[in-house]
Every structure is written in C-alpha cells, then in structure tokens.
Amino acid sequence: MRLLYARPMCGHHDRTWLRMSAMVTLAAMLVLPAGLGRSSMQVMAFLGVPASGAYASVPGHLVKTPRTLSRAEEIENVVDAELLGEQAVQEAELERGAYPPEAYADYEYTESPPKTWFDRTKIDRHRVNSKFFDMFKKPKNFFPHKLQPGDTVRVYYRDPMTGEDQKISRAWDIKSVKTTYFDGVILNFKGDYHARNMRLRAMLGKGTAIMGAEMVIPIHSPLVEQIVVLRRGYIGRNKNAYFMRGMIGRKNVIPLDKERTEMDKEFRALIEGGRADEIPDSEYPQQEWDRYPLPKWKQDEDDWDEENYKAENVDQRSEYERRVIGDFRMRPPGPRGKAASR
C-alpha cells in the first residue's frame, strides 16, 4: 500500500509520524481482506445456492457447484442494452457506409484521430439547445404581439419573501413567494433559445433624488407570470433603446408608435366582440439581427453563376452618372503630369 503523501522527518515528530503510518497500514491490511470476503459472500448469496462443507457455518457463503458456475457464466455474459444499442447503430452505419471503420476506433491522447472521427463525434449545438428550449419555453400566446425595444411594459413575476432575519427564503413553497411587478422601457433582447432575456429601464425617485434602475428578466422563466404592454414606443430605425440612458428630463420620452397602438385597439375590439379566434398568433421577441437581418448579396446565393454575369444588366446608374461621373478622370497636377512649381 502506498501512502497518500510524504512528509519530511525532523526532530521528535519522526517517531510519531512513523507510528501513525504503521497503524494506518496495519488497519488497511486488516480491513481490505474482510471487505473482499464480505463482497464475495454477498455475490454468492445473490446466486441463491445453499452452502455446505467447511463454509456452511459462514452465512451467505456458497461452494462452487455446476449450477453455481452456470449461473455465474450467465451473469458474466449479460450485455448492457445501451451498449448493445450503440453497437447496433455502429454496425448499421458501417453497412450504410456513413463513416469508414477508422471513425469508430479508440485513439490515445497522443494520437491524432482522422477528420471522420471528429465528424462522427461532433455534437450538434443547435439540436441540444433546441431540446432544452422545447422543455422550458413558454407558449407564443404568452407574449404580446410585436413586442419590440422602446415599449413600456409591466412584468408580473414571483419574488421570494424575506423572513424575520431578513434572509431570502429558498423554499419552493408557494407561500414563500409573492407576486410583484416592475414597470419599465424595454432596452433590448439578449440571449438565445430558452436563455433569452429582456432588459427594462425605469426612473425611480422624485426631484433631485431620481435615478435610473434597470432589471434583466428571463422571459422563459417559470417565475414570470404575465407581460402587459402599457405603451408602444417608436424608436425609428434604431436596433435598441440604449440611448435612453443618456436622456434626462423632458427628453426622456420615446414617441408613440401609432401603427402598433391601432393594432392593439383592433385586437382589443375583437376580444370584446367574441372574435378572439381571428387574432393571429404572436411570435417570440426577436433580437437585433432577427428584426433587421443583414443584406444578402447576389454573389452569395447558391444559384449564382459568374459566367452569365453581365454588368450592363445590373447597372442601375443613370445616363448622367455613366457619361459624366463614370468617365471623369482626375487631371494630373502641373504641366505634363508633373507637380506644379511656384
């Protein structure tokens, strides 16, 4: 048995350290065989054959009989169903020719596996995140229609209550949480899949003591109960409303979005008239690049053919731009193209 760590010997501590090491080694030597014997007895007892001979007095100990040997061989030949499934998948892939045999081999840390091995063991991140998103996502009708940065919303969520010792309760009891709300302007949406969140900003206080407070709320959290739109804001072509952080006083107001305000009035009228089924389904709040996708160039499309390209067919310049601006050449400075000298 090897000691876990070594210690330099010095002075009267040497004898104490040697005694402790000897005692630990002796205890390990006594306990280890007993543990092996106990585990072997438990295995024999599991087989269920009565004991006989010299080991009859030992409870649970069995002798090696033909029946015992046959049962032991059956147990050893049992194959895990999960491993069997993996082997069947590998054999099917080999028959189908999906990956070569070297893609299923085991390589040491000092070896360099081929590219096919990395392709077979690659993890599809989108597929994994989509799996979690399906587990924790909220339904689409939970979110208001066309929710965008600049809108003033009220979010109802469950907040843990503090006890007498001013400590937050971590219990999952429904009585330990209270429903509260936060009003603020949506600055932006961040995150992907089930981890998407929105940042709200509100002005708290009065007079000279007023200050801005922001709150990040995960929109798919089970603690979020409801999102109510108080006002539709128009931010133009801005992708987010971070400019609100620099606006103070009377300028700290976003103009009203009349188009989406009329949309809310129409939907409210349909609900009051009992025609809620005519309201289209809402969508999940989108990020900047989802609302304003990057332009796709014609040369990046799959059906692009460079041989059939003709500049005159896609030239959108006017006659003046082609004749005057296109043929314009900067005159070289000075006579005969040399710099003018004074």
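Q: Where does Lys-146 lie?
A: Lys-146 lies in the loop between helix 5 (125–136) and strand 1; helices (H or I, at least four residues) and strands (E, at least two) are DSSP runs numbered from the N terminus. This is a predicted model, where local features need pLDDT of at least 70 and side-chain atom pairs pLDDT 80 or more, while totals for chains, interfaces and linings use all residues. Residues are numbered from 1 along each chain as its sequence is written, and side-chain values use heavy atoms, without hydrogens or water.

Q: Thanks! What about phi of Lys-146?
A: The phi of Lys-146 is near 50 degrees, a positive value in a residue other than glycine.

Q: And what is the phi of Tyr-193?
A: Tyr-193 has a positive phi too, about 55 degrees, although it is not a glycine.

Q: Where is Tyr-193, then?
A: You'll find Tyr-193 in the loop between strand 2 and strand 3.

Q: Is Tyr-193 partly exposed or buried?
A: Tyr-193 is partly exposed, with a relative accessible area of 27% (buried is under 20%, exposed over 50%, partly exposed in between, with a 1.4 Å probe and protein chains only).

Q: Let's zoom out. How many helices and strands does the protein chain have?
A: The protein chain has nine helices and five strands. Along the sequence, their pattern reads α-α-α-α-α-β-β-β-β-β-α-α-α-α.

Q: How much of the protein chain counts as buried?
A: Of its 342 residues, 20% count as buried.

Q: Which residues touch the most other members of the largest nonpolar core?
A: Those are Val-153, Val-155, Ile-186, Met-198, Leu-200 and Ile-227, in a core of 18 residues. Such a core is a set of buried Ala, Val, Leu, Ile, Met, Phe, Trp, Tyr and Cys residues joined through side-chain atoms within 4.5 Å.

Q: Which elements give two or more residues to this core?
A: Strand 1 (152–160), strand 2 (177–190), strand 3 (197–204) and strand 5 do.

Q: What does Met-198 touch?
A: Leaving out residues up to four places away in sequence, Met-198 touches Val-155, Ile-186, Asn-188, Phe-189, Met-215, Val-216, Ile-217, Ile-219 and Ile-227.

Q: Last one: what share of contacts joins residues at least 24 apart?
A: That share is 56%, among contacts in the protein chain between residues at least 6 apart in sequence; a contact means heavy atoms within 4.5 Å.
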